[in-house]
Amino acid sequence: MYPATALELGISEMDFQQMRERQAIRDLFERIGHSFKTGKFNTVYNKAKEVCQSSDDRVSVRAFLQALQVYADCE
């Protein structure tokens, strides 16, 4: 999901920045084709919390995408 493609589908930048619960992020990414073992998901999610400086256990789609990229670059 990239913003330009998402905009064509009616998904706004605000949708990428909205803070979401852990399970909502996992469900969303699994619906678009990602699959995660629990450990990998938690590692990426925790990195996303750092990226967006989350003070609770919620992150944005944008932060999770950034964290997922960092994780992919390390593999």
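Visitor: What covers the buried residues of helix 3?
Guide: This is a predicted model, with residues numbered from 1 along each chain as its sequence is written; helices (H or I, at least four residues) and strands (E, at least two) are DSSP runs, numbered from the N terminus. Local features need pLDDT of at least 70 and side-chain atom pairs pLDDT 80 or more, while totals for chains, interfaces and linings use all residues, and side-chain values use heavy atoms, leaving out hydrogens and water. Buried means under 20% relative accessible area (exposed is over 50%, partly exposed in between; 1.4 Å probe, protein chains only). Going by contact, meaning heavy atoms within 4.5 Å, the cover includes strand 1, helix 4, strand 2 and helix 5.

Visitor: Within what arc do the buried residues of helix 3 fall?
Guide: Helix 3 buries Ile25, Arg26 and Phe29. They line one face of the helix, because the directions from the axis to their C-beta atoms fall within an arc of 95 degrees.

Visitor: At roughly what angle do the axes of helix 3 and helix 5 cross?
Guide: Axes here are lines fitted to C-alpha atoms over the stretch in contact, with angles from 0 to 180 degrees between N-to-C directions. These two come within 11 Å and cross at roughly 65 degrees. That makes helix 3 roughly perpendicular to helix 5, since that label covers 65 to 115 degrees (under 35 is roughly parallel, over 145 roughly antiparallel, the rest oblique).

Visitor: Which residues in helix 5 does helix 3 meet?
Guide: Helix 3 brings Ile25, Leu28 and Phe29 to the meeting. On the helix 5 side, the partners are Val61, Phe64, Leu65 and Leu68.
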